[in-house]
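Please look over the sequence and the model shown here before reading on. The notes below are meant to be read slowly, with the structure open beside them.

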Amino acid sequence: MANPGSEAMAVVVVTHQSVEHLPGLVAALSGQLLDEDELVIVDNASTDGTPAAARSLSERVRVIETGENLGFAGGCHVGASSTRAPLLLFLNPDSQPQPDCLERLRRAASAHPDWGTWQAAVLLEDGRINTSGGVVHYLGIGWAGDCERPLSALPAHDCEIAFPSGAAMVVRREVWIALDGLDREYFMYGEDLDLGLRMWLSGYRVGLVPAARVTHSYEFDKGPSKWFWLERNRWRTVLSVYPAALLVLLAPALLAAEVGLLTIAAREGWLRAKLRAQAASIGGLPRTLARRRTVQRARRIGSREFAAHLTSSLESPYLAGARSPWLSVPQAIYWRLVRQALTVLAR
């Protein structure tokens, strides 16, 4: 298939024990790849036969075996550096792009020249929404927007979002290089949130293409270890990406939230993971501060503009305890005061 008017796309899929999902993904991609596109599967030391299965599925597939588990971010870097196309499309192995998904994502490159990254609408297998774009609370907690809502809740047109889902995310290669892509130290979880906020901080925009759709075999609950990565990585993002004025104003809320999160973690069975995350965040503080210096040098917007991409609402379906009025009302008032202070400082 050829389409000279479209930009070439490198599809990068990072796998680990993914043999059962690959046939569906490759079959869904087969009719959507242009002649100039690339399809790379980066395998992170699978022992279930994933690399051999991937090679057998299509002659378009190029498999790279890392020999170790580099995590999602590390695998994405291997795939990106081994390709040349101007657009990078990162897909989860348990996803299946619906017809015309790639073409609609491709068109967004010219339709929105100021977008550095964008995502497809990611749907659950039953047709409901998995994510219509990431949402970020000012404490750095992120979640999948519109998760489990009906398909009708999707926006009618392309729109901007706080951060893209790594399950189906396009990044312009030059922007990937400029920002050094996903942070390898995150290993997994939260690296797409971090990338989205760094995009906004650096003057790039982040979008959703709702007409491009991907079905995702999604399950949030993957044990307490997931909470370790989410919480450790949340602190790395907040401390390195948030502009100084915003970080100072939020310091009391961030510290107070730790007490509340410890209570929630104890009640929901992930207290040990939360304590490990706190210890890892403290131990990794020198590296985080070094990263902060690098990230802030690329900053192109002020604290007030950056804060516009955060929310005071805790509508995450996975933090039900945090939606109590006793918590939601005070933290909403606090955020309003922070926004007002940032407006005064910007004058």
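This is a predicted model: local features need pLDDT of at least 70, side-chain atom pairs count only at pLDDT 80 or more; totals for chains, interfaces and linings use all residues.

Residues are numbered from 1 along each chain as its sequence is written, and side-chain values use heavy atoms, with hydrogens and water left out. Helices (H or I, at least four residues) and strands (E, at least two) are DSSP runs, numbered from the N terminus.

**Helices α1 and α2**

- The axes of helix α1 (residues 22-30) and helix α2 (residues 50-57) cross at roughly 25° and come within 10 Å, where axes are lines fitted to C-alpha atoms, for helices over the stretch in contact, and angles run from 0 to 180 degrees between N-to-C directions.
- This makes α1 roughly parallel to α2, since angles under 35 degrees count as roughly parallel, over 145 as roughly antiparallel, 65 to 115 as roughly perpendicular and the rest as oblique.
- Leu22, Pro23 and Val26 of α1 make the contact with Thr50, Ala54 and Leu57 of α2, contact meaning heavy atoms within 4.5 Å.
- By class, five nonpolar, one polar and no charged residues take part in the contact of α1 with α2; Ala, Val, Leu, Ile, Met, Phe, Trp, Tyr, Cys and Pro count as nonpolar, Asp, Glu, Lys and Arg as charged, and the others, Gly among them, as polar.

**Salt bridges**

- The count comes to 20 salt bridges, each being a side-chain nitrogen of Lys or Arg within 4 Å of a carboxyl oxygen of Asp or Glu.
- One of them joins the side chains of Asp37 and Arg106 (2.8 Å, N to O).
- Because Asp37 lies in the loop between α1 and β2 (38-43) and Arg106 in helix α4 (residues 101-111), this pair ties together parts that are 69 residues apart in sequence.
- Both Asp37 and Arg106 are buried, where buried means under 20% relative accessible area, exposed over 50%, and partly exposed in between (1.4 Å probe, protein chains only).
- Asp180 and Arg184 also form a salt bridge, with their closest N and O atoms 3.6 Å apart; Asp180 is partly exposed at a relative accessible area of 44%, and Arg184 is partly exposed at 45%.

**Helix α6**

- Eleven of the eleven residues of α6 are buried, so this helix is largely enclosed by the rest of the structure.
- Asp194 and Arg198 both lie in helix α6 (residues 191-201), four residues apart, which is about one turn of the helix, and their side chains meet in a salt bridge (2.8 Å, N to O).
- Asp194 has 0% relative accessibility, and Arg198 has a relative accessible area of 6%.
- Salt bridges that share partners join Asp183, Glu185, Asp194, Arg198, Arg236, Arg287 and Arg291 into one network.

**Two single residues**

- Glu231 has its place in helix α7 (residues 224-241) and is buried, with a relative accessible area of 5%.
- Leaving aside neighbours within four places in sequence, the contacts of Glu231 include Glu258, Trp270 and Lys274.
- Ser217 lies in the loop between β12 (205-216) and α7, and is partly exposed with a relative accessible area of 27%.
- Not counting residues up to four places away in sequence, Ser217 touches His21, Asp94 and Glu125.
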